[in-house]
Amino acid sequence: MEAIRTKIDVAGQERLAEAERETVFEARDVSVFYGGQRAVDKVNIDIYQRLVTAIIGPSGCGKSTFIRTLNRMTDLVPSARLTGELRYRGIDLYGPKVDPVEVRRRIGMVFQKPNPFPKSIYDNVAYGLRILGMKKDLDQRVEKTLRAAALWDEVKDRLKDSALGLSGGQQQRLCIARAIAVEPEVILLDEPASALDPIATSAIEDLMHELKRDYTIVIVTHNMQQAARVADMTAFFGLNVTPEGSREGILVEYDKTEKIFTNPSDSRTEGYVTGRFG
Amino acid sequence: MAEPAFSLRTSGRLRRRQLVNRLMGALALGAALLAVAVLAIVVISVASRGASALNLAFFTQNEAQGFNPTGGGIRFAIVGTGVIVGIATLMALPLGVMIAIFLSDLASPRLARITRLALDVTNGIPTIVVGIFVYTMVVAAHGQSALAGSLALAIIMMPLIARSSEEVLLLVPNSQREASLALGVSRWRTTFSVVIPSAMGGILTGTTLAIARAAGETAPLLFLTSLGTNATADSNPLHPLQSMTLAIFKYSELADAGFQAKAWATAFTLMCFVLVTSLGAKMAMARYRKKLGG
């Protein structure tokens with residue numbers, strides 16, 4: 001426990017208290033099913049504005065499934081179904097008149113494996129801007145975005161080169177740039193650094209500290225140190241094996257990151273963060 | 001050290017098994033060589049028989065008037081084939097690609113299975129049947145025209161383009177679609193701005209293969225485009241136009257050796273076109289797959 005405690009970044013903690021009241025997502029008894037199989041069972045969580053919220057937990061606990069419900073990426077899986085209530089700034093995300101395209105426009109997402117388009121660096125960032133009609137001052141927007149993603153200095157001389165020529169870490173920062181270019185309100189990151197080396201990971205983490213000034217960030221990670229370094233709030237998802245033998249993800253504990261890593265209320269959380277299982 | 005109680009050398013039954021093994025290997029190799037040999041013999045015999053008629057004028061001149069076995073060329077047939085196949089491509093390509101998009105990105109698995117089956121059955125229809133169909137639908141009322149031939153060829157090309165395009169659309173990683181959708185881009189915009197450009201190389205390759213196939217078709221054009229008419233130096237698709245396959249058919253029916261040589265020379269020209277386009281397309285496809293996979 002001592003070793004982990006010393007690594008914790010508590011810089012964000014004062015801001016935490018004042019911002020705590022602004023809720024962005026409210027999940028009430030949210031369960032997700034794939035066909036008849038329940039993947040996530042009755043999650044209740046409030047996610048707050050301009051904080052980094054980390055979702056940690058062992059493999060198969062439904063972390064990725066849950067984060068994908070937040071911008072309706074789960075809609076792309078035909079068999080997926082959601083029950084319970086998920087509100088975004090008070091609006092039912094799965095309400096009858098909600099357009100998932102508009103949801104994703106406001107709630108951007110970065111994926112586990114860097115997935116730049118096979119286009120130029122410039123066009124990757126400009127893609128969303130052009131299609132969503134944000135074409136005014138395109139060059140300035142692209143530059144501003146690349147600067148915000150801490151990538152500008154590395155790519156400014158080769159904007160017309162293919163994005164596929166960048167390193168994995170640069171590609172991932174480009175994907176983050178692409179996501180923030182269209183000025184979303186929330187950025188969801190699904191294990192954004194799991195395919196990257198430690199140096200590239202560190203660059204992404206630094207970037208998240210910058211970005212949380214303007215954005216609400218939710219990050220799924222199974223790297224606990226990463227959660228401890230970047231997150232203000234941490235949700236620990238665990239696995240529940242039902243009597244029938246199927247495995248479901250449940251939210252075990254959700255609290256300030258410092259609390260989760262130093263003084264968790266649930267013994268399962270403590271077991272996970274101290275490395276006794278998971 | 002004591003001698004081991006067993007031997008690792010060949011003996012008895014194993015020897016027989018090895019013999020059978022070699023024999024089967026040799027048979028398979030023989031079959032493969034035969035396939036290559038057939039191609040080589042066809043190419044060489046067609047080339048040697050057509051050689052006497054092959055010269056620059058053969059490609060650049062129109063058919064000589066009257067009974068003239070040695071003069072004139074097949075420009076009319078090359079132009080006709082170009083027009084007929086070109087229009088067929090313009091009809092089949094957009095349709096085929098739309099079907100492919102439906103199959104890869106939109107249809108439910110069940111509907112996709114049914115559509116795929118329909119395409120494969122269409123692909124299996126004997127081409128002469130397609131010809132008869134177009135004859136009764138179009139030619140019986142409006143007479144022969146290049147356009148009728150294009151329609152028949154488009155019916156033949158459409159399933160080929162649809163299936164090959166579907167295959168490359170499925171090769172485009174889902175992560176590319178997700179990246180676009182996660183930006184709040186609608187589904188069809190994602191398809192047209194991300195998926196199609198990524199798959200473009202493969203779609204064009206599949207189309208080229210379909211073109212090569214269509215250019216070599218004779219049966220569907222038999223009574224649609226020009227047979228029995230005096231179509232010569234023309235390129236209006238609403239008129240009857242000659243084509244290379246029908247020129248081969250016509251010339252080979254004539255008794256004079258000069259015409260026979262022309263039939264061979266035309267066959268050689270067509271064969272070269274088909275070989276070069278299919279080989280080129282296959283090579284481009286292999287390169288493209290590697291690029292998309294890597």
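Let's start with one residue: A:Glu85 sits in strand E4 (residues 80–88) of chain A. Strands here are DSSP runs of E with at least two residues, helices are runs of H or I with at least four, and both are numbered from the N terminus. What you're looking at is a predicted model, where local features need pLDDT of at least 70, side-chain atom pairs count only at pLDDT 80 or more, and totals for chains, interfaces and linings use all residues. Residues are numbered from 1 along each chain as its sequence is written, while chains are lettered from A and ligands numbered from 1 in the order in which they are written.

Setting aside neighbours within four places in sequence, A:Glu85 is in contact with A:Arg28, A:Asp29 and A:Asp92; contact means that the C-beta atoms, placed from the backbone, lie within 7 Å. A:Asn44 is 41 residues away from A:Glu85 along the chain, yet their C-alpha atoms are separated by 9.3 Å.

Now zoom out to the whole of chain A. You'll find 12 helices and 10 strands in it. The radius of gyration of chain A is 19 Å, close to the 19 Å that the globule rule gives for 278 residues, so the chain is as compact as a globular protein of that length (the radius is taken over C-alpha atoms, and the rule is 2.2 Å times the number of residues to the power 0.38). The C-alpha trace of chain A spans about 55 × 45 × 35 Å along its principal axes, and 46% of its 278 residues count as buried.

Next, look at where the two chains meet. Chain A brings 20 residues to the contact and chain B brings 14. On the chain A side, the elements giving two or more residues are helix H4 (100–106), strand E6 (107–110), helix H5 (121–131) and helix H8 (168–181). H4(A) gives the most, with 4 residues. Sorted by class, the chain A side has 11 nonpolar, 4 polar and 5 charged residues. Nonpolar covers Ala, Val, Leu, Ile, Met, Phe, Trp, Tyr, Cys and Pro, charged covers Asp, Glu, Lys and Arg, and the others, Gly among them, are polar.

Technical notes:
Buried ≥ 20, exposed ≤ 12 C-beta atoms within 10 Å, placed from the backbone. Contact = placed C-beta atoms within 7 Å.
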